[in-house]
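Trainee: I'd like a close look at a single part of this one. Could you pick out the sheet and its surroundings and walk me through them?

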Amino acid sequence: MISKHVLVVSSLTHRKMKVALLMGGSSSEREISLMSGAEVEAALRRLGHDVITVDPAVDGVAVLAQSRPDAAFLALHGQYGEDGCIQGTLEMLGIPYTGSRVLASAVAMDKTVSKVLFGAAEVSTPPSVTVDRSAAPELSLARAQSIGFPCVVKPSSQGSTVGITIVKESAALADALELAFRSDPDALIEKYIAGTEVTVGVLGTRDPRALPTLEIVPTNEFYDWDSKYTPGKSEHVVPARIPETARAECERLAVKAHVALKCRGYSRVDMIVEPSGQVWVLEVNTLPGLTKVSLLPDAARAEGISFDQLIQTILNSAFDE
Ligand SMILES: Nc1ncnc2c1ncn2[C@@H]1O[C@H](COP(=O)(O)OP(=O)(O)O)[C@@H](O)[C@H]1O
Ligand SMILES: [Mg+2]
């Protein structure tokens, strides 16, 4: 089968470029970024590009102004890399960069704000409330009770499952909130959805398309840090073992979520599918992992897009309007 994506990918121009590969950074996902960066560097070199690696936490960003690359490839994750900060810096330096721009990056990083936009775009997302660090415990409890137990408590703006707790009863709420508040002054209390966990990669800007729905089978209670980054701790199944109609709905909602947040080039949308087929969107990742065990490269491969083709496609997104 020749997929629609292979056609899109292979028709892209491929001029040799001087690429500044940004990797590392100072977020809690630094180690993951270094792993993504190593894979991306090898691919960019295989593609014939001239690569300079820049670690914003070590080299600073001034080096970008001096080296004047044709484009910056962002293999960063989390704070300062995925949240619009480095994107703003690159805008000011006039250096084209991969993936979403300032607005989409900042919005996608904040789950509370993202969910408001999902609601406006009719992208179904689990009911939730947001509480802030200064709220009285009784108020937080009342708000959590309005969502019901079990619920999921997460920092509004962190990634990679740092500070997330599944709260089964009211007695466990205070500790979960305290953990979430270590990462962010706002915590999201979201209805717990039991079902199949899936994620959908999206490629494109003006006419984005979904990659096949990928099912995540964690060996731990949920898709936590350990199951995300330890090889063998979670299994990826493509296409997801859910009814065809639910898969189509996941792909439709992924594109809708990507467009709702104004993402550019690529993203990966996390969701849960209930046994009834109801799909709930959790979040959009604007700089999803590109390591050997990452989800997006696996979904692309299932569509006939090699890792190198994916990296070239992402690089080209730096020039999307
Ligand atoms: N509402 C929810 N219901 C059930 N599980 C959830 C819910 N929210 C999060 N999870 C679990 O926690 C993981 C991380 O949550 P997510 O919202 O994707 O944040 P992040 O990946 O940014 O840390 C999910 O992949 C899922 O396993
Ligand atoms: Mg996630």
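Mentor: A quick word on terms: helices here are DSSP runs of H or I with at least four residues, numbered from the N terminus. Keep in mind that this is a predicted model. By that count, helix H5 covers residues 85-93, and Gln-87 is found in it. Gln-87 counts as buried, because it has 26 C-beta neighbours inside 10 Å and the cut-off for that is 20 or more. Leaving aside residues up to four places away in sequence, Gln-87 touches Tyr-97, Arg-101, Val-102 and Ser-105. Phe-118 is another matter: it sits 31 residues from Gln-87 in sequence, and 23 Å from it in space, C-alpha to C-alpha.

Now the sheet. It is open, with three strands in the order S2-S1-S3 and parallel pairing. Strand S2 (50-54) and strand S3 (71-74) stand at the edges with a single partner strand each, so one side of each has no neighbour in the sheet. From one strand to the next, the twist averages 30 degrees. Strand S1 (residues 18-22) is joined to S3 by four bridges, and Leu-22 has Leu-74 in S3 as its bridge partner.

Eleven residues from domain 2 and eleven from domain 3 make up the contact. On the domain 2 side, helix H7 (111-120) and helix H10 (225-229) each supply at least two residues, with H7 giving the most, three residues. That side divides into four nonpolar, one polar and six charged residues.

Terms used: Residues numbered from 1 in each chain as written. Chains lettered and ligands numbered in written order. Predicted model: local features only at pLDDT ≥ 70, side-chain atom pairs only at ≥ 80, totals over all residues. Buried ≥ 20, exposed ≤ 12 C-beta atoms within 10 Å, placed from the backbone. Contact = placed C-beta atoms within 7 Å. Pairing = 2+ DSSP bridges. Axes fitted to C-alpha atoms, helices over the stretch in contact; angles between N-to-C directions. Nonpolar A, V, L, I, M, F, W, Y, C, P; charged D, E, K, R; others polar.
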